Amino acid sequence: MAKKFKTNALRMLDKAKIAYSIKEYEYDEDHLDGRHVASQVDMVPEAIFKTLVLHDNHNEYLVCCVPVLEEIDLKKLAKLAGRKNVEMIHQKDLLPVTGYMRGGCSPVGMKKQFPTYMDESILKVDEVAFSAGKRGFQMIVKAQDILTYLNVENSFEPGQVSVGRLFRCHCGV
């Protein structure tokens, strides 16, 4: 399948020989939220995940992936991650830290691999969409392929976050 562009995320999936498809959607600065993406890519919102980047009081980063219409409980995530507290990084810091812009952040292909937490609801869908690393593009992959690629451990850690539970990915990629 010929692709018009390659992002770090897509190059990493190609290198790992993980099949994916791309869904393009229209966006503007006022329409980067998950509800807009879900309305544009013809998938149920539960199968479209957003990638959130956070930091703790020592400015150490972590990544959390949850369905686009869900929110995370920062206190519970901090507890699960063994941190005193966590908060979203400032939008201006996203590009220098991850290599991605707001609305185009992917858990695959960041400048550095950070501890990553995934909502367990990903186990309920066959295919899942994440940003392809560029605004206006979602990469659709088999949920099991992305879990294997991110080296997700089999057992869940305690902690209720968002609608499901989060579990840590041991990202050695």
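Guide: Strands (E, at least two residues) and helices (H or I, at least four) are DSSP runs, numbered from the N terminus, and two strands pair if DSSP finds at least two bridges between them. In this predicted model, local features need pLDDT of at least 70 and side-chain atom pairs count only at pLDDT 80 or more, while totals for chains, interfaces and linings use all residues. Residues are numbered from 1 along each chain as its sequence is written, and side-chain values use heavy atoms, with hydrogens and water left out.

Visitor: What is the order of the strands in the open sheet of three?

Guide: The order is E1-E7-E6, with antiparallel pairing. Strand E1 (21-24) and E6 are the edge strands, each pairing on one side only. Neighbouring strands of this sheet are turned by 30 degrees against each other on average, direction ignored (axes are lines fitted to C-alpha atoms).

Visitor: Over how many bridges do E1 and E7 pair?

Guide: E1 and E7 are joined in the antiparallel sense over four bridges, and Ile-22 stands opposite Met-139 in E7. Met-139 is also the bridge partner of Phe-130. E6 and strand E7 (residues 137-142) pair over five bridges, again in the antiparallel sense. These two strands form a hairpin with five residues between them, and Gly-133 in the turn has a positive phi of about 100 degrees.

Visitor: Why is strand E6 described as largely enclosed by the rest of the structure?

Guide: Four of the five residues of E6 (residues 127-131) are buried, so the strand is largely enclosed. Buried means under 20% relative accessible area (1.4 Å probe, protein chains only).

Visitor: Which residues have the most contacts inside the largest nonpolar core?

Guide: They are Ile-122, Val-128, Phe-130 and Ile-146, in a core of 42 residues. Such a core is a set of buried Ala, Val, Leu, Ile, Met, Phe, Trp, Tyr and Cys residues joined through side-chain atoms within 4.5 Å. Elements giving two or more residues to this core include helix H1 (8-15), strand E2 (49-56), E6, E7 and helix H5 (143-149). Beyond its neighbours within four places in sequence, Val-128 is in contact (heavy atoms within 4.5 Å) with residues including Met-43, Phe-49, Met-139 and Ile-146.

Visitor: How is a pair of aromatic rings described?

Guide: The description uses the distance of the centres and the angle of the planes. Rings of Phe, Tyr and Trp (its six-membered ring) pair if their centres lie within 6.5 Å; planes under 30 degrees apart count as stacked, over 60 as edge-to-face and the rest as tilted. The whole structure holds two aromatic pairs. The rings of Phe-49 and Phe-130 have centres 5.7 Å apart and planes at 50 degrees, so this pair is tilted. Phe-49 lies in strand E2 and Phe-130 in strand E6, so the pair ties together parts 81 residues apart in sequence. Both residues, Phe-49 and Phe-130, are buried.

Key
Buried < 20%, exposed > 50% of the residue type's maximum accessible area, 1.4 Å probe, protein only. Axes fitted to C-alpha atoms, helices over the stretch in contact; angles between N-to-C directions.
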